[in-house]
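Here's a quick briefing to read alongside the sequence and the 3D view. Take a look at the fold, then work through the points below.

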Amino acid sequence: MQIAEAESWAELPDFMRSSPDLFISRVVGESMNRRIPNGSWCLFRANPGGTRQGKIVVVQHRSIEDPDHGGSYTVKQYHSEKIEEYGELVNQRILLRPLTNAFGYRDIVLEDEQEDLVVIGEFLTVL
């Protein structure tokens with residue numbers, strides 16, 4: 001199940017400073033098992049600014065159906081391909097890549113509906 005509500009508090013690792021934009025979520029599934037073991041509690045930064053290129057993010061999109069548990073949220077590595085339009089760089093295509101050694105996972109490719117993608121947070125560490 002994918003539930004987005006506050007349940008409890010946790011102590012941060014010594015190298016992290018507390019801030020209101022941090023949240024913890026449990027990541028269940030094998031699609032990111034090379035970086036995030038199935039069932040791990042992970043620390044994320046909400047609404048990350050700047051480039052997302054190559055970063056692991058939790059995203060929401062109406063056309064995503066998570067292969068492990070359904071729902072519109074997923075954790076993947078973010079890649080975008082940009083083109084120049086009217087002197088400005090814009091995303092032509094967004095790829096959400098699994099980092100896994102498990103069979104059956106593919107990139108999620110967003111071309112026409114990429115404006116509906118919401119980056120919820122950036123992965124910081126497994127707790």
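Of the contacts in the protein with a separation of 6 or more, 53% are between residues 24 or more positions apart. Keep in mind that this is a predicted model.

**Overall numbers**
- Buried residues account for 35% of the 127 residues in the protein.
- The protein's accessible surface is about 8,400 Å², and carbon and sulfur atoms contribute 46% of that.

**The sheet**
- The 7 strands make up an open sheet, ordered S1-S2-S7-S3-S4-S5-S6, with antiparallel pairing.
- At the edges sit strand S1 (22-27) and strand S6 (108-110), each of which pairs on one side only.
- On average, neighbouring strands of this sheet are turned by 45 degrees against each other, if you ignore direction.
- As background, strands of a sheet pair through backbone hydrogen bonds, and they can do so in parallel or antiparallel fashion.

**S3, S4 and S5**
- Strand S3 (residues 56-60) runs antiparallel to strand S4 (residues 73-85), and 5 bridges join the two.
- Within that pairing, Val-57 has Lys-76 of S4 standing opposite.
- On to the next pair: S4 and strand S5 (residues 88-97) are antiparallel too, with 9 bridges between them.
- S4 and S5 form a hairpin with 2 residues between the strands, and Tyr-86 in the turn has a positive phi of about 55 degrees.

**S2 and S7**
- Strand S2 (residues 40-46) pairs with strand S7 (residues 118-126) in the antiparallel sense, over 5 bridges.
- Arg-45 is found opposite Glu-122 in S7.

**A closer look at Ser-40**
- Ser-40 is part of strand S2.
- Is Ser-40 buried or exposed? Ser-40 counts as buried, because its relative accessibility is 10% and the cut-off for buried is under 20%.
- The Ser-40 side chain reaches the backbone oxygen of Pro-37 at 2.7 Å.
- Which residues is Ser-40 in contact with, leaving aside its neighbours within four places in sequence? They are Ser-25, Arg-26, Val-27 and Val-126.

Notes. Residues are numbered from 1 along each chain as its sequence is written. This is a predicted model: local features need pLDDT of at least 70, side-chain atom pairs count only at pLDDT 80 or more; totals for chains, interfaces and linings use all residues. Side-chain values use heavy atoms; hydrogens and water are left out. Two strands pair if DSSP finds at least two bridges between them. Helices (H or I, at least four residues) and strands (E, at least two) are DSSP runs, numbered from the N terminus. Axes are lines fitted to C-alpha atoms, for helices over the stretch in contact, and angles run from 0 to 180 degrees between N-to-C directions. Buried means under 20% relative accessible area, exposed over 50%, partly exposed in between (1.4 Å probe, protein chains only). Contact means heavy atoms within 4.5 Å. Accessible areas come from the Shrake-Rupley method with a 1.4 Å probe; for residues, only the protein chains shown count as cover. A polar contact is a pair of N or O atoms within 3.5 Å; within protein, one must be able to donate a hydrogen and the other to accept it, and residues adjacent in sequence count only if both atoms are side-chain atoms.
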